[in-house]
Amino acid sequence: MSMSLPPEEGSVYNYERTFTEEDVRQFGEVSGDQQAIHTEPDEEGRLVVQGLLTATLPTKIGGNLSYIARTMEFDFLKPVYTGNTISCEWTNKTVEERDDRYTLTSSVMCHNQNDEAVMEGHIDRLIWKE
């Protein structure tokens, strides 16, 4: 879904995903983050999802919108575990039109299935005009 309309302040986008043990193991292989919390299940049989794997939720939204990130800042508020369903809400805060692009700032908030905030973030990015 590439962007066809100009971005607007206040636009909200959502994406939801349930993380699996295979997701955590594959991300660990790619990223090299093989800490025990990501490889050894806890007493409930869960692995902790890597923070940057959780951060792929807003990355998915940005990719859908053809956004090119310039800076991304995330605060990881609570652990995310395998089996958790995480919903991500992305809100455009500011939009500035330039000759060849739009520059935007956005906020991101992710919650688990119990409506607990697990990650928040701020993203500055641009969208090239077609």
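## Asp23 and its chain

Me: In this predicted model, which residues is Asp23 in contact with, leaving aside its neighbours within four places in sequence?
Reply: Neighbours within four places in sequence are set aside here. Contact takes heavy atoms within 4.5 Å. What remains for Asp23 is Arg17, Thr18 and Leu53.

Me: Is Asp23 buried or exposed?
Reply: Asp23 has 17% relative accessibility. Buried means under 20%. Therefore Asp23 counts as buried.

Me: In which helix does Asp23 lie?
Reply: The protein chain has four helices and five strands. Along the sequence they follow the pattern β-α-α-α-α-β-β-β-β. Asp23 falls within residues 21-31, which form helix α1.

Me: What share of the residues in the protein chain is buried?
Reply: The protein chain has 130 residues. Those under 20% relative accessible area count as buried. Their share is 36%.

Me: How far apart are the centres of the positive and negative side chains?
Reply: The protein chain carries 11 positive side chains. It has 24 negative ones. The centres of the two sets are apart by 5 Å.

Me: What percentage of contacts between residues at least 6 apart in sequence joins residues at least 24 apart?
Reply: Contacts in the protein chain count here if their residues are at least 6 apart in sequence. Of these, the share joining residues at least 24 apart is 67%.

Note on methods
Residues are numbered from 1 along each chain as its sequence is written. This is a predicted model: local features need pLDDT of at least 70, side-chain atom pairs count only at pLDDT 80 or more; totals for chains, interfaces and linings use all residues. Side-chain values use heavy atoms; hydrogens and water are left out. Helices (H or I, at least four residues) and strands (E, at least two) are DSSP runs, numbered from the N terminus. Buried means under 20% relative accessible area, exposed over 50%, partly exposed in between (1.4 Å probe, protein chains only). Lys and Arg count as positive and Asp and Glu as negative; His and the chain ends are not counted. The place of a charge is taken as NZ of Lys, CZ of Arg, CG of Asp or CD of Glu.
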